[in-house]
Every structure is written in structure tokens, then in C-alpha cells.
Amino acid sequence: MIAFDVLTLFPEFIDAGARVGVLGRAVDAGILSVRAHQLRDYTGGSPHPLDDSPYGGGPGMVMRAEPIYAAVEDVSARFEPKRRVLLTPQGAPFSQATAWRFAREFDSMLLFCGRYEGVDERVRPLFDEEISIGDYVLTGGELGALVIIDAVSRLVPGVLGGADSHVSESFSDPELLEYPQYTRPSEFRGMTVPSVLTSGNHGEIERWRREQSRARTAVRRPDLATRRRD
Ligand code: JD8
């Protein structure tokens, strides 16, 4: 069982992502819990909005510290997440290694999704770590939270449904690109399936796939190829 508490201005965005496919089934089976909490609920009583203009000037709005503290402290008190993560372009790059670490070490996590120009600097002490999902600019942290939930959840026993032996370390680490895959029919619009795959020779098939993975990785992702340890 793994639980995610997500703080966001768009809980319906998180809910939608957690309802479909493998994740949706894991939620229904009670192996995965995704609770999205509305940040606006934490402006409570205060006449102040969630955001305000930046000190020093500049474009856009900054999320205020007070409601963020209220939200993170309330959700932390109620659900006791083992790790509190801020999604931000300034965070450490998320990778398969991060996903394994989260899956292994934390069975409950709080994920905070900002919007606007970002958060008041003084909220940083609330979080155990800051994560970025990649070097492109998003409009908020929600897609980052869903990426983390997806990548981590599929490593949790039971989420892929019984047959998750194929989540073995080697199969799940993107150090080599996947080999080409085919299914019926054996000929489609003049394109045929490599004969080795229909030969029934499992040793040959394994060697062919390994070689295809190696060649494809060398051409498309030389950065991955040079990082390999074998
Ligand atoms: C959180 C606000 C938008 C960010 C001005 C408008 C993650 N890999 C990633 N790229 N971008 C984000 C991300 C973007 C966010 C927020 C995460 C909160 N924005 C801001 C700074 C520049 N825009 C991210 N994880």
C-alpha cells in the first residue's frame, strides 16, 4: 500500500490522472491511495488570497507562505506522510533512480503543486526535498506530481497486478532502450516481422533483441549507452 497526498489548486486534475488505467485499478484494489487537497481551503477566514505580487516587482503573482504552511501542516498532521516533496523547476531532476528510492523508502508522501510564478521562498523549510520532472517549463506542479505518482506506484508490489516480476531492476531501468516489438499479422502493408522472432529459437531471439537494444541506444541515446556499467 502506498499513499499520496497532493496539495493543489486543481484537485480534479490529480483525481482524473489517478482514476485511469493501471493506477485506477490499484486505487480500486486499495493498493494505492491518491488524495488531492484543495489549497484554496486553507486561505480560511483570512481576507488574504492565495497569491500576492512579488516584493521587488516583476511579472505575475507569488503563492503566499501562510496558506501553504496551513495546508502542509494540516495534511501532515492528518495523514503523517513520510516525505514532503515540493515540485519546482529548481528541484533535483526526477529519474528512475528517484522513483525506486521513493518506492523503497516511503509508503506515504505529500506532493505540493505550485502555480503562478511559484511559491514564497520561505516555504522551502516545509519540504524534505524539491523535485523537477525535467528541463521544460510547465504552468504548475500538477503534471510533475502525476509523473511521480505514476512512476513510483508501478514499482510498488501489486500495482501492476500479480505479474510484476517484470519490474525487475534491469527491466525497469532505462539504461537500454527497448527492442522492436511486433504482434499479428506477420505481414502488414508489405512490412514483415523479422524471421528470427517466428523461428522459435529463444536463444537467437534473446541475442537479436539485445543487439537491437544496444544498436538503437547507441544511435538514439548515446548518453544512456556511455552510462552503462556492463
Ligand atoms: C511548479 C509554478 C510555473 C515556474 C514561471 C510560470 C516541475 N519540470 C518542471 N517544469 N516546470 C515545473 C513547475 C512549474 C511551476 C510550478 C513546477 C509552479 N510553475 C512557473 C517558474 C517560471 N512559471 C516543473 N516539477
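Predicted model: local features only at pLDDT ≥ 70, side-chain atom pairs only at ≥ 80, totals over all residues.
Local features required pLDDT of at least 70 and side-chain atom pairs pLDDT 80 or more, while totals for chains, interfaces and linings use all residues. Residues are numbered from 1 along each chain as its sequence is written, and side-chain values use heavy atoms, without hydrogens and water.

The ligand is surrounded by 16 residues (a heavy atom within 4 Å). Y116, S132, G134, Y136 and L138 are the closest. By class, the shell holds seven nonpolar, seven polar and two charged residues. Here Ala, Val, Leu, Ile, Met, Phe, Trp, Tyr, Cys and Pro count as nonpolar, Asp, Glu, Lys and Arg as charged, and the others, Gly among them, as polar.

Polar contacts are pairs of N or O atoms within 3.5 Å. A backbone N or O atom of Y136 lies 2.7 Å from a ligand nitrogen. For G134, the corresponding distance is 2.9 Å. A polar backbone atom of L138 is 3.2 Å from a nitrogen atom of the ligand. The protein covers 84% of the 540 Å² of accessible area that the ligand has on its own (Shrake-Rupley method, 1.4 Å probe).

Strand β5 (83-93; strands are DSSP E runs of at least two residues) gives the most to the ligand shell, with three residues.

Note on methods. Polar contact = N/O pair within 3.5 Å; in protein donor to acceptor, adjacent residues only side chain to side chain. Helix = DSSP H or I, 4+ residues; strand = E, 2+ residues; numbered from the N terminus.
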